[in-house]
Amino acid sequence: MHFRLTLFLCAAAFLSGCSYSPIDAKKTEAPRAGSHVSKTTTVQLTDRDVFGSEATLAVSEEDIQDALDGEKFSVPLNASVILVQSGSRAPEMMMQQEMSKYYLISTFSGIPDVQKSLSCNKNADTTEGENMNYMQALRYIAAKGQQKAVIVYWDELQSGKYDTVTKNTVWSGYKNEKLTDATLLRYLVRFALVDVATGEWATWSPVNYEYSVLSPTGATSELQEQQIVQLKQKTYAAVVKDLVSRYE
């Protein structure tokens, strides 16, 4: 009897190392800094999400020559493609409209699933940075839908001000600040294209376009927003046209 009781107590002590009450934890544990992600934080796709291990592999001279000798990457006009905007559940409608002038598009989420591993250590950070299967899974979905390619894009609105000391324009991410006549705006866009059948990929950053802000006296936030929307529309139209011309 004593022997069975000893075995039971040992087993209970062993299992308790990985089990605890979430309610008790909330009562006794102090909040840890950085233990949660803000709801307003935008999770972007990384190069590793899109290109896999190729983003970090050592590249030899032979690899470079093989890439130069390979077939030209192309996405024919009217091809069926999946369009993805990094950090968004669905691409912006303006980009969808521009792309649909040249391709048959469907869309997919550009927010990667953050993978978590199981751990008995309550204080361990079990979050992994990238989902290595993101593009593999997306290629499988595209193959099921008979799509030719996956097109991923990253975009960022920046505001710039001229620095009289350095004689250069200083750019930073736009944070809803008030715009003046001295402010410049530009929309940066970067594309990654992945062939569904082969996994071959290409990446391209078009020339960006800079625009001066028109800020008349008494300008409202609505007028400011209209200018930003117009800038985005002009930029999307230009970069998509350049993309199609480059890869058709």
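Which residues is Leu185 in contact with, leaving aside its neighbours within four places in sequence? In this predicted model, the residues in contact with Leu185 beyond those neighbours are Leu157, Gln158, Ser159, Trp171, Leu179, Tyr209, Glu210, Tyr211, Val213, Ile228 and Leu231, where contact means heavy atoms within 4.5 Å. Because the model is predicted, local features need pLDDT of at least 70 and side-chain atom pairs count only at pLDDT 80 or more, whereas totals for chains, interfaces and linings use all residues. Residues are numbered from 1 along each chain as its sequence is written, and side-chain values use heavy atoms, with hydrogens and water left out.

- Leu185 is placed in strand β5; strands (E, at least two residues) and helices (H or I, at least four) are DSSP runs numbered from the N terminus.
- Leu185 counts as buried because its relative accessibility is 4%; buried means under 20% relative accessible area, exposed over 50% and partly exposed in between, with a 1.4 Å probe and protein chains only.
- Between Leu185 and Ser212 there are 6.4 Å in space, C-alpha to C-alpha, although they are 27 residues apart in sequence.

**Aromatic pairs**

- The structure holds seven aromatic pairs; rings of Phe, Tyr and Trp (its six-membered ring) pair if their centres lie within 6.5 Å, with planes under 30 degrees apart counted as stacked, over 60 as edge-to-face and the rest as tilted.
- The pair of Tyr153 and Phe191 is tilted, because the ring centres are 6.3 Å apart and the planes stand at 45°.
- Tyr153 belongs to strand β3 (residues 149-163) and Phe191 to strand β5 (residues 183-195), so this pair ties together parts that are 38 residues apart in sequence.
- Tyr153 and Phe191 are both buried.
- Tyr153 also forms an edge-to-face pair with Tyr236, at 6.2 Å centre to centre and 80° between the planes.
- Since Tyr153 lies in strand β3 and Tyr236 in helix α7 (residues 221-247), the pair ties together parts that are 83 residues apart in sequence.
- Tyr153 counts as buried because its relative accessibility is 0%, and Tyr236 is buried with a relative accessible area of 0%.
- Ring pairs join Tyr153, Tyr187, Phe191, Trp204 and Tyr236 into a cluster.

**Charges over rings**

- Arg186 lies over the face of Trp171, 4.1 Å from the ring centre; a charge sits over a ring if NZ of Lys or CZ of Arg is within 6 Å of the ring centre and within 35 degrees of the ring normal.
- The ring of Trp154 has the charged end of Arg190 over it, at 4.1 Å from its centre.

**Positive phi angles**

- Most residues other than glycine have a negative phi.
- Asn78, which is not a glycine, has a positive phi of about 70°.
- Asn78 is found in the loop between α4 and β1 (80-85) and is exposed, with a relative accessible area of 55%.
- Asn176 is not a glycine either, and has a positive phi of about 60°.
- The loop between β4 (168-173) and β5 contains Asn176, which is exposed, with a relative accessible area of 66%.

**Nonpolar surface patch**

- Val59, Ile64 and Leu68 make a nonpolar surface patch of about 310 Å².
- Accessible areas come from the Shrake-Rupley method with a 1.4 Å probe, and for residues only the protein chains shown count as cover.
- Ile64 is in helix α4 (residues 61-69) and counts as partly exposed because its relative accessibility is 39%.

Conventions:
Patch = residues over 30% accessible without salt bridge, like charges linked within 9 Å, V, L, I, M, F, W, Y side chains within 5 Å. Salt bridge = Lys/Arg side-chain N within 4 Å of Asp/Glu carboxyl O.
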